[in-house]
Amino acid sequence: AEGLVGGEGFAVDASLIRADVHRQRSVPGDEGLPPEVVGRAVREYLDVLDDAAFGGATPVLPKRIALTDPASRWTAATRERAFYAYSTNYLIDLDHAVIVDVEATTSVRRAEVTAQRRMIDRAQARFGLRPDRLAADASYGDAANLAWLVEDKGIAPHIPVFDKSARTDGTFERSAFTFDQKDDSYICPGGKRLRPRNRNFTVPRSNVDQGGFIRYRARQQDCGDCALRQRCTPNMPARKIMRSIHEGARDIARDIAMTEAYVTSRRQRKKVEMLFAHLKRILKLDRLRLRGPNGAKDEFLLAATAQNLRKMAKLIPMSPLPAPA
């Protein structure tokens, strides 16, 4: 209503906030909670075991579980000594760094991507805001999330693509292979084709694995006689290339990364990091006072509200005081 939120560009990020937990009061993650442990934080932990922002965020067991706040996550994601934490997730507008939404999650990457989707959906439902572009770091650059932004939301991802195709042994990377859209094959530097299948099966099989990737294979006879074999696949009978079913969205993100607009978004994305620095250094929320998922949600929401109010006080001119009678 005050015109501070443009809605054209958003940025998203997450930051770790220490939980109110004593490091020694914990058990190994594979043991689970002892039956005698009770309390409000424990009940809340049991309530969110299936929530995609907390217990259901990942099937991986935590290394340790805190007895006083089991929903907090044991993390070594920083250079500091490992600690228990929650993540506060901000979705901000890039015009004036106004916080559009905030979400509390467990401190794993998949939960932060889930929070990003929830916040974008809420901003659209509550305020009718759908950004043209979203700036984020590589944590949000997996294929499925880029496809959700591009195909489901029509949002341009100004996000580095999460890609593990780089090689350090001097052999050809995937970028050296050309994809033929019409033929659904890759052409190698030697001119041979890599296909999802080099023979037909009586019972049709899916080409897509559980991770959403298609494996393109060269024929062994093509690689065996190739002059480029030592530069391509010296340790395997034939070369393989992995391609995501969402590769179209990944290609869009790669094309955007070559533009000046992307450079601008990368610079503007620092605004959300500055908000986290302000949260911890000025508002002193470097450690939670409350326990449990609900306690984290309350503290994160109140802190974000305080930051927005401070920003409004700076940006909106005060009405002049009435003249004395």
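Modeller: I99 touches Y90, L91, I92, L275, A304, Q307 and N308, leaving aside residues up to four places away in sequence; contact here means heavy atoms within 4.5 Å. This is a predicted model, in which local features need pLDDT of at least 70 and side-chain atom pairs count only at pLDDT 80 or more, while totals for chains, interfaces and linings use all residues. Residues are numbered from 1 along each chain as its sequence is written, and side-chain values use heavy atoms, with hydrogens and water left out.

I99 lies in strand 6 (residues 99-105). Helices (H or I, at least four residues) and strands (E, at least two) are DSSP runs numbered from the N terminus. With a relative accessible area of 7%, I99 is buried; buried means under 20%, exposed over 50%, and partly exposed in between, for a 1.4 Å probe and protein chains only. One of its contacts, A304, is 205 residues away in sequence, yet the two C-alpha atoms are 6.8 Å apart. Across the protein, 67% of the contacts between residues at least 6 apart in sequence join residues at least 24 apart.

Two strands count as paired if DSSP finds at least two bridges between them. Within this pairing, R18 stands opposite A85 of strand 5. Strand 1 also has three bridges to strand 7, and here the two run parallel; A11 has A135 of strand 7 as its bridge partner. Strand 1 (residues 9-18) has nine of its ten residues buried, so the rest of the structure largely encloses it.

Strand 7 leads on to helix 3. The buried residues of helix 3 are A143, N145, L146, A147, W148 and L149. They pack against helix 2 (109-127), strand 7 (133-135), strand 8 (156-158), strand 13 and helix 6. Helix 3 (residues 143-152) meets helix 6 (residues 247-256) at an angle of about 80°, with the axes 8 Å apart. The axes are lines fitted to C-alpha atoms, for helices over the stretch in contact, and angles run from 0 to 180 degrees between N-to-C directions. The two helices are therefore roughly perpendicular, on a scale where under 35 degrees is roughly parallel, over 145 roughly antiparallel, 65 to 115 roughly perpendicular and the rest oblique. Helix 3 contributes A143, L146, A147, V150 and E151 to the contact, and helix 6 contributes A249, R250, I252 and A253. Seven of these residues are nonpolar, none is polar and two are charged. In this grouping Ala, Val, Leu, Ile, Met, Phe, Trp, Tyr, Cys and Pro are nonpolar, Asp, Glu, Lys and Arg are charged, and the others, Gly among them, are polar. After helix 3 comes G154, with a positive phi near 65°.

The domain assignment divides the protein into domain 1 (9-162 + 250-315) and domain 2 (174-238); such bounds come from an automatic or database assignment. The centres of the two domains, taken over C-alpha atoms, are 39 Å apart.

Strand 10 (residues 185-187) pairs with strand 11 over two bridges, and Y186 has L194 as its bridge partner. D184 sits in the loop between strand 9 and strand 10. Its phi is positive, about 55°, although D184 is not a glycine, and D184 is partly exposed at 33% relative accessible area. Most residues other than glycine have a negative phi. K284, also not a glycine, has a positive phi of about 65° and lies in the loop between helix 8 (270-281) and helix 9 (292-315).

T233 is in the loop between helix 5 (229-232) and strand 13 (240-244). T233 is buried, with a relative accessible area of 6%, and touches C223, A238 and R239, again without residues up to four places away in sequence.

As for the whole, the protein has nine helices and 13 strands, and 43% of its 325 residues count as buried. The C-alpha trace spans about 95 × 60 × 35 Å along its principal axes.
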